[in-house]
Amino acid sequence: MRHLISPLDFSVEETNEILDLADHIYRHPEQYSDICKGKKIATLFYEPSTRTRLSFEAAMLNLGGSVLGFSSAASSSVSKGETVADTIRIISSYADICAMRHPKEGAPLVASKYSGIPVINAGDGGHNHPTQTFTDIFTIKELKGNLSNMTIGFCGDLKFGRTVHSLINELVRYTGFKFILISPDELKLPDYVKNEVLDRNHCPYVETRSLEEALPGLDILYMTRVQKERFFNEEDYIRLRDTYVLDTKKLQYAKKDCLILHPLPRVNEIAPEVDDDPRAAYFTQAKLGVYVRMAIILRLLGLR
Ligand code: NCD
């Protein structure tokens with residue numbers, strides 16, 4: 001039985017197969033509409049979510065399966081003190097596959113040890129978010145036509161942003177990516193990602209505080225929200241939350257074909273006026289996430 005806890009759980013070859021499958025589903029959804037008939041996905045969300053949970057549910061419904069689950073810790077037995085290990089043992093007899101989001105790093109990994117069904121990590125604390133990562137690389141591949149030799153700027157909360165950590169882990173496995181890390185000093189990429197991922201793979205990177213200076217050199221700009229829920233005090237959050245605001249004025253300095261991505265939800269970091277710019281790809285990215293999750297469900301259930 002396979003689980004998806006880190007994006008590295010799939011080899012590059014398998015990852016490319018998943019992207020190809022997602023692409024085929026995207027173009028021929030009718031061919032997949034009852035492939036999961038009789039199968040159920042449980043979505044176990046101990047942390048808030050809109051896109052991730054609903055896109056998992058939409059993915060399973062599109063495949064002809066059904067869904068069950070909970071969308072907050074407060075509404076599940078965790079509020080009575082149940083452990084993740086016990087919860088997953090029970091869910092294993094109710095569903096065929098599950099997606100789990102948890103505020104604690106490593107919780108989905110623990111769950112996978114006790115689970116009788118495939119566990120998909122739908123985001124664990126500030127750690128990993130593999131299905132968002134596959135969504136991100138699928139979007140890059142679909143919109144740029146390839147997945148190599150690009151300069152990508154990560155901007156915002158690089159300290160707590162799990163989508164950033166997860167995507168960097170993935171992109172170092174592809175050829176020719178350069179990384180520009182744009183953040184205030186307090187929200188820099190953690191050393192363990194710099195040393196163990198970027199340095200170890202000999203990937204070039206630059207750290208800067210200036211979005212304006214970085215923008216003209218970027219093929220992709222990956223904006224992120226300052227992760228309020230991971231801050232220890234409100235004052236720091238308020239001081240840092242509006243460090244970067246991408247607006248049409250700044251966007252003038254970006255390349256004509258720069259791809260603007262954001263895992264969403266956004267707060268203030270992208271002005272709504274940017275939404276009409278053809279380079280703004282974040283809503284397309286959210287849409288493509290459903291096809292990626294369909295492909296992942298099929299792969300983990302052994303149906304493709
Ligand atoms: C992200 C997450 O949960 O890490 N959202 C998502 O899954 N699309 C990013 C965020 O919450 O800022």
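What follows is a short chat about parts of this model.

Mentor: Before we start, this is a predicted model, where local features need pLDDT of at least 70, side-chain atom pairs count only at pLDDT 80 or more, and totals for chains, interfaces and linings use all residues. Residues are numbered from 1 along each chain as its sequence is written, and side-chain values use heavy atoms, with hydrogens and water left out.

Trainee: Okay, how many disulfides are there?

Mentor: The search of the whole structure comes up with 0 disulfides, a disulfide being a pair of cysteine sulfur atoms within 2.5 Å.

Trainee: Is C258 buried or exposed?

Mentor: Buried, with a relative accessible area of 2%. Buried means under 20% relative accessible area, exposed over 50%, and partly exposed in between (1.4 Å probe, protein chains only).

Trainee: Switching to helix α5, how many of its residues are buried?

Mentor: 11 of its 15, so α5 is mostly covered. P130, F134 and I140 are among the buried ones. Helices (H or I, at least four residues) and strands (E, at least two) are DSSP runs, numbered from the N terminus.

Trainee: What follows α5?

Mentor: G145, with a positive phi near 85°.
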